[in-house]
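Biologist: I am new to this structure and would like to go through it with you. Could you take my questions one at a time?

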Amino acid sequence: MSSRSKIALGLILLFVIMFFCETLVFCQGGPKFKFLDSRVINVPSIRAGETYNVSVRYKNEGNQTLVVKNVNKTCNCTEAVVQQEILEPGAIGQVDITIDTEGKRGRNTIVVTLATNAKPATSIIRIDLNVIP
């Protein structure tokens, strides 16, 4: 076998290995978290002292049960309630977020992080508020 044939055979073998490795990665099961609504919310202006409410929907697009393990917020002014902590494949869930703007002024960014058993393990919602007097 010539050296050119060996190189060609090696390249073909490498291609086949890469193809099967990628296929295995994409075929792996598990839960898959996907936002159905925008995960970046811009509130142009809200009066100080008012409450801002928003709901953000998400879906399990995987083939195993999705579990929302924890919800973290960057501000004590924020309440985030997950309506469905366990979602079977194809199911839709929702997190209801309430922000109290009392004592806030100007531009504020609130981040709500959902920790799940999906990969990646966290999904982030960002709310940008402009609080006016």
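Biologist: Is V81 buried, partly exposed or exposed, and why?
Modeller: V81 counts as partly exposed, because its relative accessibility is 36%. Please bear in mind that this is a predicted model.

Biologist: Which strand holds V81?
Modeller: V81 is found in strand β5, which covers residues 78-82.

Biologist: What is V81 in contact with, leaving aside its neighbours within four places in sequence?
Modeller: The contacts of V81 are with Q94, V95 and D96. For D96, which is 15 residues away from V81 along the chain, the C-alpha atoms of the two are separated by 5.2 Å.

Biologist: What is the mean pLDDT of the protein chain?
Modeller: The mean pLDDT is 89, and 81% of the residues reach 70 or more.

Biologist: Where does pLDDT stay under 50?
Modeller: That is the case over residues 21-25. The model has zero contacts beyond four places in sequence for residues 21-25.

Biologist: Let us change topic. How many aromatic pairs does a search of the whole structure find?
Modeller: The search finds two aromatic pairs. One of them joins F33 and F35 in an edge-to-face arrangement, with 4.9 Å centre to centre and 85 degrees between the planes. In the other, F33 and Y58 are stacked, at 5.0 Å centre to centre and with 20 degrees between the planes.

Biologist: Which parts of the chain does the pair of F33 and Y58 tie together?
Modeller: F33 lies in strand β1 (residues 33-35) and Y58 in strand β3 (residues 51-60), so the pair ties together parts that are 25 residues apart in sequence. Through the ring pairs, F33, F35 and Y58 are linked into a cluster.

Biologist: And F33, F35 and Y58: buried or exposed?
Modeller: F33 is buried, with a relative accessible area of 13%. F35 counts as buried at 16% relative accessibility. Y58 is buried as well, and its relative accessible area is 0%.

Biologist: On to charges. How many salt bridges does a search of the whole structure find?
Modeller: Three salt bridges are found. In general, side chains of opposite charge can pair when their charged atoms come close.

Biologist: How far apart are the closest N and O atoms of E61 and K34?
Modeller: In the salt bridge of E61 with K34, the closest N and O atoms are 3.9 Å apart. This pair links distant parts of the chain, since E61 is in the loop between β3 and β4 (66-73), K34 is in strand β1, and the two are 27 residues apart. E61 counts as partly exposed at 36% relative accessibility, and K34 is partly exposed with a relative accessible area of 39%.

Biologist: Which residue forms a salt bridge with D37?
Modeller: The partner of D37 is R57, and their closest N and O atoms are 3.0 Å apart. D37 lies in the loop between β1 and β2, while R57 lies in strand β3, so this pair ties together parts that are 20 residues apart in sequence. D37 counts as partly exposed at 26% relative accessibility. R57 is partly exposed, with a relative accessible area of 35%.

Biologist: What about D128 and R126?
Modeller: Their side chains meet in a salt bridge, at 3.0 Å from N to O. D128 is buried, with a relative accessible area of 13%, whereas R126 is partly exposed, at 35%.

Biologist: Next, the sheet. What is the order of the five strands in the open sheet?
Modeller: The order is β2-β9-β8-β4-β6, and the pairing is mixed. The edge strands are β2 (40-47) and β6 (86-87), each of which pairs on one side only.

Biologist: How many bridges join strand β8 to strand β9?
Modeller: There are 10 bridges between β8 (residues 106-116) and β9 (residues 122-132), and these two strands run antiparallel. N108 stands opposite L129 in β9.

Biologist: One last point. Which peptide bond is cis, with omega near 0 degrees?
Modeller: The peptide bond from K119 to P120 is cis. P120 lies in the loop between β8 and β9.

Key
Residues numbered from 1 in each chain as written. Predicted model: local features only at pLDDT ≥ 70, side-chain atom pairs only at ≥ 80, totals over all residues. Heavy atoms only, no water. Phe/Tyr/Trp six-rings, centres within 6.5 Å; stacked < 30°, edge-to-face > 60°. Buried < 20%, exposed > 50% of the residue type's maximum accessible area, 1.4 Å probe, protein only. Helix = DSSP H or I, 4+ residues; strand = E, 2+ residues; numbered from the N terminus. Pairing = 2+ DSSP bridges. Salt bridge = Lys/Arg side-chain N within 4 Å of Asp/Glu carboxyl O. pLDDT = per-residue confidence, 0-100. Contact = heavy atoms within 4.5 Å.
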